[in-house]
Amino acid sequence: MVLPKPPLKGACLCGSVQITVTAPPLLTLACHCRDCQKLCASAYSLTTMFPSNSFSCTGDLTKGGLASNGRTHYFCTSCLNFVFSRIGGANQRINLRTSVLDDAASFEPFVELMTDEKMPWASVPAVHSFARFPETLEELQVLMDDYSKQ
Ligand SMILES: [Zn+2]
Ligand SMILES: [Zn+2]
């Protein structure tokens with residue numbers, strides 16, 4: 001797997017929100033849950049996880065989505081494009097919507113989640129597949145370790 005070298009750049013649909021990431025990704029995910037389908041108006045969501053301290057963002061953001069389980073979802077105030085999420089209790093990481101990255105196509109999903117709720121025709125080339133969410137931080141760490149070895 002050849003990933004573009006940081007710093008990585010990206011923008012929302014209208015360009016008002018610009019993002020920069022100075023570290024390589026920790027993990028790439030596709031989530032097939034019903035919430036992600038609705039939130040992304042698509043078959044699944046695409047996430048690229050980065051260390052929070054490597055992520056910076058300019059432009060005006062507003063919160064959207066359900067804000068459940070300590071999850072905060074940020075959208076561009078101008079075009080309302082979904083940009084990233086912060087997960088309560090995991091402040092050291094941010095979940096960037098992969099499509100926002102300039103080089104989005106390079107960040108193919110390594111893990112897919114919630115295949116229990118997958119649309120039957122939707123498929124991604126993930127190496128690891130989970131019927132639900134990984135239960136523990138240890139499980140997530142194993143995935144991140146595996147991803148970093150690629
Ligand atoms: Zn925008
Ligand atoms: Zn989901």
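**Figure legends: close-up views of a predicted model**

View 1. An unreviewed UniProt entry places the feature "domain: CENP-V/GFA" at residues 8-122. The model shown here is predicted.

**View 2. The whole protein chain.** Two helices and eleven strands make up the secondary structure of the protein chain, and their order along the sequence is β-β-β-α-β-β-β-β-β-β-β-β-α. The protein chain has a radius of gyration of 14 Å, close to the 15 Å given by the globule rule for 150 residues, so it is as compact as a globular protein of that length. Along the principal axes, the C-alpha atoms fill a box of roughly 35 × 30 × 30 Å. Of the 150 residues, 32% are buried. Among contacts between residues at least 6 apart in sequence, 53% join residues at least 24 apart.

**View 3. The hairpin of strand 6 and strand 7.** Strand 6 (residues 61-64) pairs with strand 7 (residues 71-76) in the antiparallel sense, over four bridges. Thr62 stands opposite Phe75 of strand 7. Six residues lie between the strands of this hairpin, where Gly65 takes a positive phi near 70°.

**View 4. The hairpin of strand 7 and strand 8.** Strand 7 also pairs with strand 8 (residues 82-87), in the antiparallel sense and over five bridges. Here Thr72 stands opposite Arg86 of strand 8. This hairpin has five residues between the strands, and Leu80 takes a positive phi near 60°. In a regular strand, side chains alternate between the two faces of the sheet.

Notes. Residues are numbered from 1 along each chain as its sequence is written. Chains are lettered from A and ligands numbered from 1 in the order in which they are written. This is a predicted model: local features need pLDDT of at least 70, side-chain atom pairs count only at pLDDT 80 or more; totals for chains, interfaces and linings use all residues. The radius of gyration is taken over C-alpha atoms; the globule rule is 2.2 Å times the number of residues to the power 0.38. A residue is buried if 20 or more other C-beta atoms lie within 10 Å of its own, exposed if 12 or fewer, and partly exposed in between; C-beta atoms are placed from the backbone. Two residues are in contact if their C-beta atoms, placed from the backbone, lie within 7 Å. UniProt positions are given in the numbering used here, feature names are shortened, and annotations may be inferred rather than shown by experiment. Two strands pair if DSSP finds at least two bridges between them.
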